[in-house]
Amino acid sequence: MELAYIPEEFLERLPEFQDLAEPAPRLEPVPQSLVERALFWQNRVLDESCTLLAALRRFGTLDALREAAHPEINWELLRRLLTDLGIIARDGKTPAPEARRFLEMPRGQSLQWLATAWMNSTRFDELRLAPGLICQGTWPHNPLPARRALLRRLSGLQDGAWYSIADFSADLRRENPDYLRAGGDANEWIILSANENRLLRGQKDWQVIETAWTRFLLGGLLFWLGFVELGFAAGAEEPAYFRKSAWCGSLLNPHEALELPAENAPAAVSSAGIISLNRDAPRAARYQLARFSEWLENGPERWQFLLTPASLAAASGQGLNTRHLAALLRKYAKPAPPPSLLEALTRWETQGREASIERLWVLRLSSPEALQALR
């Protein structure tokens, strides 16, 4: 690295000069007319996190979620986020003790807790996860400086105004050209373009990296966590614009209360053992009931589970019993669960499976002598 130093006694003798450089243009909002449609994820990250935790506890894998029709949800990325924030154990396979507190918090507090944990995380590195980039090697990188530079710039934007994602990325670069490289020695970083499979080096390539990183944060994490809304141009499938959400200030400053609807909707239980819950039901209830059931419908507005002998046996293998299930149904179901269902659960606890339907093969012979010959 080349450096230049001018001693103070020389500075006194240098002539004064006028800075003729043009002032950097300010980031200006875009006209509302450019945004054909807007998309706001709201607090769905809480519901999807509950679903992911329940799937890990119930099945041990995310295979059941990958088969669900939710193309907009990156379950592996969400698992990585919850793991790095301590809600899932380090092995990425089981919920951590912190998960219970996260599920039992009021929605507003839970969303703020999730946002604050992400803002202060040094383990979750967006640079290594940005689509279009391939980071190789184990070089150290602290994600906090770049993340805080973006959040600081975001907090200063006008409320309700739409901004271009590309212009915002250029504005970050203009304000501090090295904002993304402040977390380590960029000369050691090995970053390749996923599309072109080439090493990204030099100033122009750094703009490619910065653009990919900025789009990932705005169109991914900040959108999922409720900081921003996304805007789409006419006929476009990828967002080109964003604006701060009404919750952005409360998420940036967790000391401001974020009031969201209470989770007090009851579960509906049928005599056939079908349990239905909506988004206003307690996440802790859904998480626990899902462990006893087969999954029929997996959101985003409604979840349905079915109690079967196989699901009850799987729950029993995890140390759960039907008395616990009956207590959950009495606590969260309204109207009360059908007595016939509670009686069936009690019988299954004591006697196991009492009836079954099977498809059998029948061998018919013409005479008893033929049977004796076969024997």
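Which helix gives the largest share of the lining of the second largest pocket? Helix 5 does, with four residues.

This is a predicted model, where local features need pLDDT of at least 70, side-chain atom pairs count only at pLDDT 80 or more, and totals for chains, interfaces and linings use all residues. Residues are numbered from 1 along each chain as its sequence is written, and side-chain values use heavy atoms, without hydrogens and water.

**View 1. The second largest pocket has a volume of about 390 Å³.** Its lining holds 19 residues, and Arg100, Glu104, Ala284, Tyr287 and Gln288 are the closest to its centre. Helix 5 (98-104), helix 12 (283-290) and helix 14 (322-332) each give two or more residues to this lining. Helices here are DSSP runs of H or I, at least four residues, and strands are runs of E, at least two, numbered from the N terminus. A pocket is an open set of points on a 1 Å grid over the protein atoms alone, with protein on both sides within 12 Å along at least five of seven lines; lining residues have an atom within 4 Å of a point. A volume is the space filled by probe spheres set on the points, which are joined across faces, edges and corners.

**View 2. The largest pocket has a volume of about 630 Å³.** Gly219, Gly220, Trp224, Leu230 and Glu238 are the closest to its centre, out of 26 lining residues. Two elements give two or more residues: helix 10 (202-224) and strand 5 (228-232). Helix 10 supplies the largest share, seven residues.

**View 3. Ile6 lies in the segment before helix 1 (8-11).**

Notes:
1 Å grid on protein atoms, 1.4 Å probe; cavity = no way out; pocket = protein on both sides within 12 Å on 5 of 7 lines; lining within 4 Å.
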